[in-house]
Amino acid sequence: MAPMVVALILGWWLVAASRAQQLPRPSLSLHPIQRVSLGDNVALRCHLPRLAAWVWLYQERGWSYNKGKEKEQDAAEFSFVSTQREHAGRYRCQYRVSWSVGASEKSDPVELVLTDHSYSPPSISIHPEQCVEMGTNITIRCWNKDYGAAFFLHKDGSSAPIKHQDSSGGGAAKFTFLAVTPADSGTYRCSYRSRGYPFVSSPLGDSVMLEVTPTAAPSGAVEQSCANLVMALVRGFVAALVFGLGVYFVIDARSLWIRRDDNCGAPPVTVRV
Ligand SMILES: *[C@@H]1O[C@H](CO)[C@@H](O)[C@H](O)[C@H]1NC(C)=O
């Protein structure tokens, strides 16, 4: 009797498992895609390759949501109005066509990272310098005063962080780039996340710019690109100086004018505030 029960259970499980494998996986997407802050509205959309009757959204190590749906839709949307820390996390979705057929496999995970503007933005520095020759090793250091269990390095133009690292104690992390290439050129910023809420992020901090010059270029190219930077700074300074002088002369001319008026015995100008 017992072997028969085992065989029956095994058979049922095998049938259910094989049916589940026949259903193509759904995919999950986030709207808006990035930079969602605490309190913002956000939607997780489960895209269904087949018409489904029920759709589930699971938060890893958290709760699950389910939704019965209109048969003709090819996606199910789960909306969070005014997001809270607890909503931040890693999500997957799954669907079921009918109760007699097993559920689909789960989608690939999608991370909902929420920015908490009460975290102070981290600081950043770059070593040895921001204009380097190809092949140089550079280090970008991120730090903050208080918490910060994990630091993330972002590059402008990339939607996801390009590197991350647990802090080396003392709320700091070092990102090393061995033998940089011109492709590493760009603008970098840091963020950090606390241990308690690994999907709640600080805002992005200040940026550092990295400029990598190919060694194949005529020698002096690094100096040239850094010289360009210096020239731009000098031009800005001169422009500010000229403007300042202009303002000074205008004020000076005005005061001269007013003094001359006084000398001519004109009635003093009364300014009513
Ligand atoms: C870069 O770092 C690697 C590994 O630490 C080292 O072997 C190499 O000599 C360094 N290169 C330069 C140019 O400092």
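Predicted model: local features only at pLDDT ≥ 70, side-chain atom pairs only at ≥ 80, totals over all residues.
Leucine 241 is found in helix α2, which covers residues 221–263.

**The chain as a whole**

The chain contains 273 residues, of which 34% are buried. Its secondary structure consists of 2 helices and 18 strands. Among the contacts with a separation of 6 or more, 63% are accounted for by residues 24 or more positions apart.

**The disulfides**

A disulfide is a covalent bond between the sulfur atoms of two cysteines. How many disulfides does the structure hold? The structure holds 2 disulfides. The table sets out the geometry of each link.

| Cysteine pair | S to S distance | Angle about the S-S bond | Handedness |
|---|---|---|---|
| Cysteine 46 and cysteine 93 | 2.0 Å | 75 degrees | right-handed |
| Cysteine 142 and cysteine 190 | 2.0 Å | -65 degrees | left-handed |

Cysteine 46 and cysteine 93 form a disulfide with their sulfur atoms 2.0 Å apart. This pair links distant parts of the chain: cysteine 46 belongs to strand β3 (residues 42–47) and cysteine 93 to strand β7 (residues 89–96), 47 residues apart. Are these two cysteines buried or exposed? Both cysteine 46 and cysteine 93 are buried.

The other link joins cysteine 142 to cysteine 190. Cysteine 142 lies in strand β12 (residues 138–143) and cysteine 190 lies in strand β16 (residues 186–193), so the pair ties together parts that are 48 residues apart in sequence. Cysteine 142 and cysteine 190 are both buried.

When the bonded cysteines of the chain are numbered in sequence order, the pairing reads 1-2, 3-4. In this notation, cysteine 46 is paired with cysteine 93, and cysteine 142 is paired with cysteine 190.

**A further cysteine**

Why does cysteine 131 count as buried? Cysteine 131 has 2% relative accessibility and therefore counts as buried, because the buried class comprises values under 20%.

Conventions
Residues numbered from 1 in each chain as written. Heavy atoms only, no water. Helix = DSSP H or I, 4+ residues; strand = E, 2+ residues; numbered from the N terminus. Buried < 20%, exposed > 50% of the residue type's maximum accessible area, 1.4 Å probe, protein only. Contact = heavy atoms within 4.5 Å. Disulfide = S-S within 2.5 Å.
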